[in-house]
Amino acid sequence: MTEFRMSSVEVLRRVRAVRKDYDIVVSAMGAARDWMALGSHPRDWVFVPSSMGQATALGLGLALARPDLRVIVLGGDGGLIMNLGSLITITAQQPANLFLLILDNGVYEVTGAQPTPASEAGRANAPPVDLAGLARASGFRAVHRFNNLDAFTQGLEELLDTRGPVFALLEVAPVPDAPGPRSPGPAPERARAFMDALGGRGQ
Amino acid sequence: MRLIRVCREGEAWAIAAGLYLGGARALVMIQCTGLFESGDALRNVLHDWKLPIPSFIGYRSYLNQDTLPGDTCLTFTEPILKAWQLDYRLVKEPGDFELMAEHLRASLAAGTPGVVLIAEGKA
């Protein structure tokens, strides 16, 4: 049976179309590469360089510091399973303004598309791990799974208008021979510009 | 003040980074074992992005080793802090609290990530 998966670029194009000017968007790894290719925004936190798996945690910190803004985290399944505990840390705080959009391609794309141990190809005679089920069990207020671009397009705005924390698993196709994301500039300067765009500085 | 409990210490650095970027004050409080666990996260936050997040780190078994004789935390904690190029002060008794405060004030003023290493007596 052929599994249908969405194009990650098309998914992100839909997110960009509905993203409000005040929204903070955190992107990491392959999602950061594709998000940057679609343009830039002062409130984009392109998490490159990153510590893999920490985009959800950084998004939580932003959401708690700025409850007046929506924080949308664009991450991957590889990063998520590297830091599954962050699902529990997030739901312990119940940030109403945090939205995790996890692009699940089943592989570690930027290191050569090795299967993750959660994917069917990465497991020995075991079904793939139900990542959306893990989010549900962790206590997210709303959990979604999309493998159809039309359905995602129709449901996205409503999803982002829901009280968070919200988790959405987006089943996307890996991009063959995809390069890793490149930093768009010196990190400390980008951090200062991002803080300026949010209108405040850490103390 | 708001306490954010984490599942592993690496998360603490990234959450603190998000808080700082969003305009809040953040302090990471972990034990030295968590320091060992969270190296890549602190490398990214403190060195790549140069965010001046202060931290309190408990120094397990420093005052005695009654619970864990031969605790290797004594072997590795300070060399690892030095390897990560973190400026720390060791607090061993209540009289050292002024040293702690002074170090944090100086680190904040300099925009660097000051570390206070707090001696513990039990594991």
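**Figure 1. Area buried between chain A and chain B.** About 2,500 Å² is buried between chain A and chain B, and carbon and sulfur atoms give 64% of that area. On the side of chain A that touches chain B, the elements giving two or more residues are β2 (44-47), α3 (55-65), α5 (85-93) and α8 (187-198) of chain A. The residues of chain A on this side comprise 20 nonpolar, twelve polar and three charged ones. The complex shown is a predicted model.

**Figure 2. Residues and polar pairs of the contact between the chains.** Chain A contributes 35 residues to the contact, and chain B contributes 29 residues. Seven residue pairs, with both members at pLDDT 80 or more, are in polar contact between chain A and chain B. The number of salt bridges between chain A and chain B is zero.

Figure 3. Apart from neighbours within four places in sequence, the contacts of A:Gln93 within chain A are with A:Leu60 and A:Leu64. From chain B, A:Gln93 is in contact with B:Arg2, B:Leu3, B:Ile4 and B:Arg5.

**Figure 4. Confidence of the prediction.** For the complex, the predictor gives an ipTM of 0.95 and a pTM of 0.96. Chain B has a mean pLDDT of 95, with 98% of its residues reaching 70 or more.

Key: Residues numbered from 1 in each chain as written. Chains lettered and ligands numbered in written order. Predicted model: local features only at pLDDT ≥ 70, side-chain atom pairs only at ≥ 80, totals over all residues. Heavy atoms only, no water. Contact = heavy atoms within 4.5 Å. Buried area = accessible area lost by both parts, 1.4 Å probe. Salt bridge = Lys/Arg side-chain N within 4 Å of Asp/Glu carboxyl O. Polar contact = N/O pair within 3.5 Å; in protein donor to acceptor, adjacent residues only side chain to side chain. Helix = DSSP H or I, 4+ residues; strand = E, 2+ residues; numbered from the N terminus. Nonpolar A, V, L, I, M, F, W, Y, C, P; charged D, E, K, R; others polar. pLDDT = per-residue confidence, 0-100.
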